[in-house]
Amino acid sequence: MPKKGRLALASSLFLLIGILVAACGGDDNGAATGNQTYKYTQPTHRGGTILWSDWQFPDSTNPWFLTVQVDANIAAGLWAAPLTVTSQATYVPDQLTEVPTQANGDVSKDGKTVTMNLRHDLKWSDGQPITADDFVYWLQVDQDPATGAGNTTGYDQIASAQAKDKYTVVLHYKQPFAPYLAYLPYAAPQHAWGGIANSAMATNREVNLAPPVTSGPFLVSDFAAGQSVTMVPNKYYVSTTLHPSAIDKLVFKGYESKDSLIAGYQAGETDHAEDFTAADLKKINSLPGLRISPAISYEHLDFNLQNATLQDLNVRKGIEQAIDRCQIIQTIYSTECSKLSVDTILPQPSPYYDASIKALPFNLDQAKKDMQAAGWNCPGNTPCTKNGKDFPTLNLVTTSGNTVRQNVTQVVQQDLTALGVPVNLNGQYYAAGVLFGDFDSGGILATGQYDLALFAYNFPVEPDGSLYPSFHSSEIPNKQNPGGGNWEHVSNPQVDQALDQGRTTLDPNKRTQIYKDLQKTLVQQVYTIPMYLRPDITLTSSVIGNYYSNPTSAGNTWNVGDWYRKQ
């Protein structure tokens with residue numbers, strides 16, 4: 001589901017961290033319990049191998065087709081970008097010489113033209129020059145529906161792109177486009193991929209998974225599907241902000257479950273382990289290298305509004321109030337509700353966070369009243385009825401292999417059963433690639449094969465990058481727009497208008513208010529139910545230098561080329 005100034009850590013996370021600070025390992029970066037100012041340290045040791053792991057394996061390593069965080073984390077090592085998002089959630093130049101702004105003349109006064117000034121020494125991993133034409137090519141492929149790219153939204157606001165010369169890309173937008181920094185095109189190796197049909201990109205192994213030609217700090221030396229990705233330094237990599245790698249090898253090792261991932265870390269099989277939740281702390285809070293950092297991320301429950309029953313706001317309100325979110329936090333996460341509770345769409349540390357926004361609290365009696373307002377009689381523990389018919393059974397989907405999510409869905413099932421809303425969980429757990437796949441590949445969410453869905457939002461700081469594809473009616477997935485991310489089928493003119501205004505309003509203060517008002521609408525309409533916060537929890541050995549966690553969807557490997565092994 002892919003970035004500006006650092007904000008204070010949410011108070012609820014301070015409480016959680018306070019309990020665990022004694023268990024958190026640290027190093028000279030001081031990054032054990034929060035996002036620190038990034039200060040690059042010259043490697044004290046060169047060579048060696050760093051291993052990092054997740055309990056999932058990537059479905060893609062190409063920015064066109066990323067679907068889950070592990071994809072993005074590996075892609076960060078293989079692909080450079082015009083700009084990089086730091087651990088403080090600020091933009092800094094990577095392939096560009098500077099961040100384009102109106103102040104430096106790279107953005108026109110009307111906000112409709114953006115100039116990308118490239119470094120003159122950029123090269124692909126095979127030694128061929130990276131030129132402005134490669135950025136134009138990337139955008140052309142991305143915007144071709146035949147490609148099936150999953151990140152076309154935002155880039156579609158670029159009316160045209162020209163290579164003014166080898167080192168200058170000029171982007172002309174259809175209208176003033178405030179979030180342009182989040183949608184600068186990448187470069188793709190036209191000399192290597194130009195002969196591949198766009199329609200074949202997603203299934204071509206050398207494009208989608210194991211590219212022999214890359215632009216980032218590493219290139220793939222071995223790809224063992226479902227097991228590991230071995231990368232070696234790209235000797236041609238240069239960056240305005242980041243640095244060529246000092247290690248000999250970077251290895252990603254995938255594990256089948258969190259338990260096997262934890263065991264692998266304990267056994268010294270990996271130096272860095274990702275993708276834990278607060279529920280895992282019981283198992284890992286005594287391990288060295290535990291790090292807990294804020295993240296603009298939380299678990300949520302979504303509605304499929306293609307279901308006519310769920311189109312009624314009172315039904316959605318009834319469902320929200322019937323779910324005891326505090327009980328889930330207290331029983332499954334074994335912590336106080338206040339430490340992980342979340343009410344709004346963009347939680348801290350997002351600059352668009354609004355503390356005044358509150359979701360409906362647990363109240364079973366009020367839930368029954370709201371259902372009554374929708375015409376449903378709900379005596380409790382038996383299906384609600386309307387005109388002699390029982391409330392239809394709702395299929396609740398989530399990812400497979402995640403015990404916590406399975407436990408949460410069972411609690412949701414129990415809570416909704418108490419209201420009189422039957423929920424089916426049988427056969428509703430799917431591999432991430434299946435659940436989050438696009439429309440053309442038969443993705444469960446994209447094709448609407450669900451009624452309720454539990455998964456996580458991991459947001460970039462730029463709100464357009466998450467809210468527009470998730471809630472704008474033009475982003476409802478179909479054959480013409482297979483990569484659309486509005487899986488709920490939200491179609492609300494007020495929401496569309498706010499999202500459109502957020503894109504064209506250049507004044508930052510007015511823009512902030514637009515997104516705060518939008519969040520109020522989304523919460524009041526109960527298009528999604530925020531369930532609980534997901535802090536960024538990793539196991540990171542102190543042997544890794546220059547490691548800094550990232551609170552945004554840029555991921556913790558945002559500077560993986562700068563990592564070095566201290567011994």
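Two rings of Phe, Tyr or Trp (for Trp, its six-membered ring) are said to pair if their centres lie within 6.5 Å. By this criterion, the structure shown above holds 25 aromatic pairs. The model is a predicted one. The protein contains 16 helices and 22 strands, and buried residues account for 60% of its 567 residues.

**Overall form**

- The radius of gyration of the protein is 23 Å, close to the 24 Å given by the globule rule for 567 residues, so the protein is as compact as a globular protein of that length.
- Along its principal axes, the C-alpha trace of the protein spans about 70 × 55 × 40 Å.
- The accessible surface of the protein amounts to about 20800 Å², and carbon and sulfur atoms contribute 47% of that surface.

**A sheet of three strands**

- In general, the strands of a sheet pair through backbone hydrogen bonds, in either a parallel or an antiparallel manner.
- Here, three strands form an open sheet in the order E4-E6-E5, with antiparallel pairing.
- Strand E4 (113-117) and strand E5 (158-165) are the edge strands, since each of them pairs on one side only.
- From one strand to the next, the twist averages 20 degrees.
- Strand E5 and strand E6 (residues 168-173) run antiparallel and are joined by six bridges.
- Within this pairing, Ala161 has Leu171 in E6 as its bridge partner.
- Helix H3 (residues 132-143) packs on the sheet and touches E4, E5 and E6. The direction of helix H3 makes about 160 degrees with that of E5.

**Aromatic residues**

- A pair of aromatic rings is described by two quantities, the distance of the centres and the angle of the planes.
- Among the 25 aromatic pairs of the structure is that of Phe436 and Phe455, whose ring centres are 5.5 Å apart and whose planes stand at 70 degrees. Planes over 60 degrees apart count as edge-to-face, so this pair is edge-to-face.
- Phe436 lies in the loop between helix H13 (432-435) and strand E18 (452-458), whereas Phe455 lies in strand E18 itself; the pair therefore ties together parts that are 19 residues apart in sequence.
- Phe436 and Phe455 are both buried.
- One aromatic cluster is formed by Trp64, Phe65, Trp79, Trp138, Tyr155, Tyr173, Phe177, Tyr183, Tyr186 and Trp193.

**Backbone features**

- Most residues other than glycine have a negative phi, and most peptide bonds are trans.
- A cis peptide bond joins Gln348 and Pro349, with omega at about 10 degrees. Pro349 is found in the loop between helix H10 (337-340) and helix H11 (364-373).
- Asn381 is not a glycine, yet it has a positive phi of about 65 degrees. Asn381 is located in the loop between H11 and strand E13 (385-386). The relative accessibility of Asn381 is 60%, so this residue counts as exposed, the cut-off being over 50%.
- Asn546 also has a positive phi of about 65 degrees although it is not a glycine. The loop between strand E21 (544-545) and strand E22 (564-565) contains Asn546. The relative accessible area of Asn546 is 1%, so this residue is buried, the cut-off being under 20%.

Conventions: Residues are numbered from 1 along each chain as its sequence is written. This is a predicted model: local features need pLDDT of at least 70, side-chain atom pairs count only at pLDDT 80 or more; totals for chains, interfaces and linings use all residues. Side-chain values use heavy atoms; hydrogens and water are left out. Two strands pair if DSSP finds at least two bridges between them. Helices (H or I, at least four residues) and strands (E, at least two) are DSSP runs, numbered from the N terminus. Axes are lines fitted to C-alpha atoms, for helices over the stretch in contact, and angles run from 0 to 180 degrees between N-to-C directions. Contact means heavy atoms within 4.5 Å. The radius of gyration is taken over C-alpha atoms; the globule rule is 2.2 Å times the number of residues to the power 0.38. Buried means under 20% relative accessible area, exposed over 50%, partly exposed in between (1.4 Å probe, protein chains only). Accessible areas come from the Shrake-Rupley method with a 1.4 Å probe; for residues, only the protein chains shown count as cover. Rings of Phe, Tyr and Trp (its six-membered ring) pair if their centres lie within 6.5 Å; planes under 30 degrees apart count as stacked, over 60 as edge-to-face and the rest as tilted.
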